[in-house]
Amino acid sequence: MPKNLGDFKYLSFDVVGTLIDFESGLTDCLKQIGTERGIDIDGEAALALYRQARYLPDVGLFPDDLVRVYQIIAPDLGLPPEPALGQRLRDSAKSWKAFPDSAQALAKLAKRYKLIAMTNAQRWAFEYFSKELGNPFYQAFTADDTGTEKPDPAFFQHVFEFVQSERNTKDDILHVAQSQYHDIGISRKLGMTNCWIERRHAQKGYGGTIEPENFTQPDFHFTSMAAFADAVEEKSDA
C-alpha cells in the first residue's frame with residue numbers, strides 16, 4: 001500500500017468539520033438567537049448538547065435534521081424550542097464558512113490529485129459548501145447519494161466502486177478527515193491510507209463530533225489543511 005504523499009491519484013475528503021467550520025456555523029447561529037432574547041450561549045456547551053441530540057434514535061439526514069436537534073437542545077440552552085428557530089439553524093448551513101486555509105489548500109492539491117468529496121451532508125447543503133470552497137472537487141458523494149452516513153462502510157464502497165470504474169483501487173486514495181469516529185477509524189478498518197487533519201488541536205474534547213471508542217493512529221497527521229498542502233508541495237519539489 002502506498003505510504004508516500006506522492007503515491008496517490010485521489011484525495012477523498014470529509015467536508016463538514018475538515019474543510020467547512022460547522023462548529024462555528026452552528027454556535028454562531030445559536031448565539032445570535034440567544035442575543036436576540038438576552039441569553040448568553042456557551043459555544044462548547046452547545047456543541048456538547050448538539051452531539052448528544054444528533055445521534056439519538058430517529059435522526060434524519062444532515063443538515064435537515066438540525067430542525068429536530070434544535071428543539072431538543074433549546075430548553076437546555078434557555079431558548080424557545082420553536083420549529084421556526086430550528087429551521088433557522090438548518091438554513092444557517094447555507095452560509096457556513098470554510099476554514100481560512102481550506103480553499104487555497106484545495107486549489108493547490110487539485111493540481112496534483114483528483115479530489116473526491118465524501119460528506120454526511122445532503123446534496124443541497126454540499127452545493128453551498130463546494131461553492132464556498134471554490135468548487136474544487138472531481139467527484140462528490142453525499143448522504144442522499146449513498147443512502148447512508150459515514151462511518152457506515154457502505155458509504156466508502158460507493159467511492160471504491162467509482163475509482164474502480166476508472167481502473168484504479170482504494171490503494172490509490174488517501175482519505176483526509178478530521179473525525180476519528182466518522183472517518184479515520186473506519187478508513188483504517190477498510191484498508192485505506194488516511195490523513196488526520198486535527199482541527200481541534202488547540203481545544204479540549206471532540207466538540208460537535210462523536211468521541212471514538214478507540215483512537216486510531218493515522219498514516220499522516222497535520223493540524224491544518226495548509227500544513228498538509230505545504231507537505232505535498234515539498235514532496236513534489238524534492
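Buried means under 20% relative accessible area, exposed means over 50%, and partly exposed lies in between, with a 1.4 Å probe and protein chains only. Helices (H or I, at least four residues) and strands (E, at least two) are DSSP runs, numbered from the N terminus. This is a predicted model, in which local features need pLDDT of at least 70 and side-chain atom pairs count only at pLDDT 80 or more, while totals for chains, interfaces and linings use all residues. Residues are numbered from 1 along each chain as its sequence is written, and side-chain values use heavy atoms, with hydrogens and water left out.

Two strands pair if DSSP finds at least two bridges between them.

Now look at strand 1. Residues 10-13 form this strand, and 4 bridges join it to strand 4 (residues 173-177), running parallel. Another 4 bridges join strand 1 to strand 2 (residues 114-118), again parallel. F13 has a bridge partner in each neighbour: A117 in strand 2 and V176 in strand 4. S12 stands opposite H175 in strand 4. Both faces of strand 1 are covered. Y10 and S12 are buried on one side, L11 and F13 on the other.

Next comes helix 9. Helix 9 is largely enclosed by the rest of the structure, because 7 of its 10 residues are buried. Those buried are Q180, H182, D183, I184, G185, I186 and S187. Their cover includes helix 8 (153-165), strand 4 and strand 5; contact means heavy atoms within 4.5 Å. At the start of helix 9, a side-chain oxygen of S179 comes to within 3.4 Å of the backbone nitrogen of Y181. After the helix comes G191, with a positive phi near 85 degrees.

Turn to helix 2. It spans residues 43-54, has 12 residues and reaches 16 Å from first C-alpha to last, close to the 16 Å expected at 1.5 Å a residue. The expected span is 1.5 Å times one less than the number of residues. G43, A46, L47, L49, Y50, A53 and R54 are buried in helix 2. They lie on the same side of helix 2, because they cover an arc of only 165 degrees around the axis. The arc is that of the directions from the helix axis to the C-beta atoms. These buried residues pack against helix 1 (22-36) and helix 3 (66-77).

Finish at R200. Where is R200 found? It sits in the loop between strand 5 and strand 6. R200 counts as buried because its relative accessibility is 10%. Its side chain makes polar contacts with the side chains of E23 (2.8 Å) and E44 (3.0 Å). A polar contact is a pair of N or O atoms within 3.5 Å; within protein, one must be able to donate a hydrogen and the other to accept it, and residues adjacent in sequence count only if both atoms are side-chain atoms.
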